[in-house]
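Please read them beside the sequence and the 3D view.

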Amino acid sequence: MLDRGVPGSLVGDGRTDPGRWETALNPPPRRPRRLFARGSWAETRRIAAVLRNETIGGALLLAATAAALGWANSPWSGSYDALLTTSFGPAALHLDLSVREWAADGLLAIFFFVAGLELKREFVAGDLRDPGRAAVPVAAAAGGVAVPAVLYTLVNLHGGAPRGWAIPTATDIAFALSVLAVVGRCLPTALRTFLLTLAVVDDLLAIVIIAVAYTGELSVLPLVGAVVGLVAFTVLVQRRVRAWWLLLPLAVLTWALVHASGVHATVAGVLLGFAVPVVRSEEAGGPRAGPGLAEHFEHRWRPLSAGVAVPVFAFCSAGVTIGGLGGFADALSDRAALGVVVGLVAGKAIGIFATTWLVARFTGASLDSGLAWVDVAGLALLGGIGFTVSLLIGELAFGPGSARDDHVKVGVLTASVLAALLASVVLRLRNRAYARIHRLETADDDHDGVPDVYVDRPGARP
């Protein structure tokens, strides 16, 4: 006996169904898998809003970096150092921290909280919930972490500073998107989404590295307390509680306990972000009824992250005394700084591009129409802009304010500028093709508010 409910069954309810016979005998051809295929219109609009926030944040980040470098290399550099070493906070809670430490441990936790929200949303409700689409940026991010770490280690094998192997593994999304805003305004939506997702996964891998490789002695009692706080926060947000006077104290308490435990406090930000639900509850109209708390929190906290937290951290971390061309050359003669430059500029480009190519080669996928491998090469070079997390790992590896940490900062800045310039050249070469794709993606001949290219696609309508 044949089950009526089995898909593809040729026996149904006793009536002839020619359509089913035709489907069984002549199955529709499988669509070839495409890399960087366009997503839904709803997701495209959301990504565009995220990119606008991050681009503005990148401009503020650049301004903060320039201000820090100018002050640190001015006759008033002593006041800059005095500001960063000023301490405040309750000592009983292990929070008597300097301004530099508050920026690295406190403000960056907000940055990683938003990164956790973004990553969870992409994989639960975004276009990347499809494993086939998610595999490419995740694999590219992994390659972009592994290859720079290997190259840095090779440079520092004999007499170098191998402890800094993780410094060139991170991509700074704000700086990278700022470069795109200048040289890649017509860049296809799929490539922008790829860069954003790659950078967010990159940040997640970096925070795992920080938690594992740069955690000193663990204090069990605060760590247990942090777990209790995280569980309480999770229970509340899963019940769709939005009361800030409940959630914010719990989040701060969890962060403080993680900090006291010896684990880097930014880990708390990612874990809190992962705890927030992405889609609405069934009571609100079904699990796919619309955005959940994650989007609500992201809307509230992303401007604070991009506009305040990251620029202030950059101001506190990027101020290094270079001392003219001689000091610049001395800094880059340090193998730690040299390894950072090689890792970010060459390692990121090789890791991201090679991994993406291997995914295409062994899965039979091909690039979406209108794109070429030079586009992937441009994005891979752009991944070498490592700033925020690279500076953080440099401080963890060698100690803030140390001579080697200053050399690493020079290496990070140099590599980021080189990667931005090289990426700009490559992406500019394809500007005409990008403009053609942009016209296709934005054409709306029927004036219905949805570009025609998205019509008849899942999620096309708002």
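1. The second largest cavity holds about 40 Å³ of space. This is a predicted model, and the count of cavities of 30 Å³ or more comes to two. Nine names make up the lining here: Phe112, Ala115, Gly116, Leu119, Val200, Asp203, Leu204, Val270 and Phe274. By class, seven of the lining residues are nonpolar, one is polar and one is charged.

2. Which elements give two or more residues to the lining of the second largest cavity? They are H4, helix H7 (189-213) and H10. The largest share, four residues, comes from H4.

3. The second largest pocket has about 580 Å³ of space. Its lining has 22 residues, and those closest to the centre of the pocket are Ile110, Leu248, Ala251, Val252 and Trp301. Two or more lining residues come from each of helix H4 (99-124), helix H9 (244-261), helix H10 (266-275) and helix H11 (293-317). H4 gives the most, with seven residues. The lining of this pocket divides into 17 nonpolar, three polar and two charged residues.

4. H4 itself can be checked for length. H4 has 26 residues, which at 1.5 Å a residue should span 38 Å; the C-alpha atoms at its ends are 37 Å apart, so the two values agree.

5. Is H4 mostly covered or mostly open? It is mostly covered, with 21 of its 26 residues buried. Ala103 lies in this helix. Its relative accessibility is 2%, so Ala103 counts as buried, the cut-off being under 20%. Leaving out residues up to four places away in sequence, Ala103 touches Leu108, Phe313 and Cys316. The C-alpha atoms of Ala103 and Leu84 are separated by 9.5 Å, and the two residues are 19 apart along the chain.

6. Asn156 is placed in the loop between helix H5 (131-155) and helix H6 (173-183). Why does Asn156 count as buried? The reason is its relative accessibility of 1%, as buried means under 20%. Asn156 touches Ala161, Pro162, Arg335, Ala336 and Gly339, again without counting residues up to four places away in sequence. Asn156 and Ala337 are 181 residues apart in sequence, while their C-alpha atoms are 9.8 Å apart in space.

7. Arg240 is found in the loop between helix H8 (220-238) and H9. Its phi is near 65°, a positive value in a residue other than glycine. Most residues other than glycine have a negative phi. Arg240 has 28% relative accessibility and therefore counts as partly exposed, the range for that class lying between 20% and 50%.

8. Val426 is in helix H16 (residues 403-429). Its relative accessible area is 16%, which is under 20%, so Val426 is buried. Not counting residues up to four places away in sequence, Val426 touches Val374, Gly378 and Leu381. Val426 and Val183 are 243 residues apart along the chain, and 9.9 Å separates their C-alpha atoms.

9. Some totals for the protein as a whole close the note. How many helices and strands does the secondary structure come to? There are 17 helices and four strands. The protein has 462 residues, of which 49% count as buried. Among contacts between residues at least 6 apart in sequence, 78% join residues at least 24 apart.

Note on methods:
Residues are numbered from 1 along each chain as its sequence is written. This is a predicted model: local features need pLDDT of at least 70, side-chain atom pairs count only at pLDDT 80 or more; totals for chains, interfaces and linings use all residues. Side-chain values use heavy atoms; hydrogens and water are left out. On a 1 Å grid over the protein atoms alone, a cavity is a set of points where a 1.4 Å probe fits but cannot get out, and a pocket is an open set with protein on both sides within 12 Å along at least five of seven lines; lining residues have an atom within 4 Å of a point. Grid points are joined across faces, edges and corners, and a volume is the space filled by probe spheres set on the points. Ala, Val, Leu, Ile, Met, Phe, Trp, Tyr, Cys and Pro count as nonpolar, Asp, Glu, Lys and Arg as charged, and the others, Gly among them, as polar. The expected span of a helix is 1.5 Å times one less than its number of residues. Buried means under 20% relative accessible area, exposed over 50%, partly exposed in between (1.4 Å probe, protein chains only). Contact means heavy atoms within 4.5 Å.
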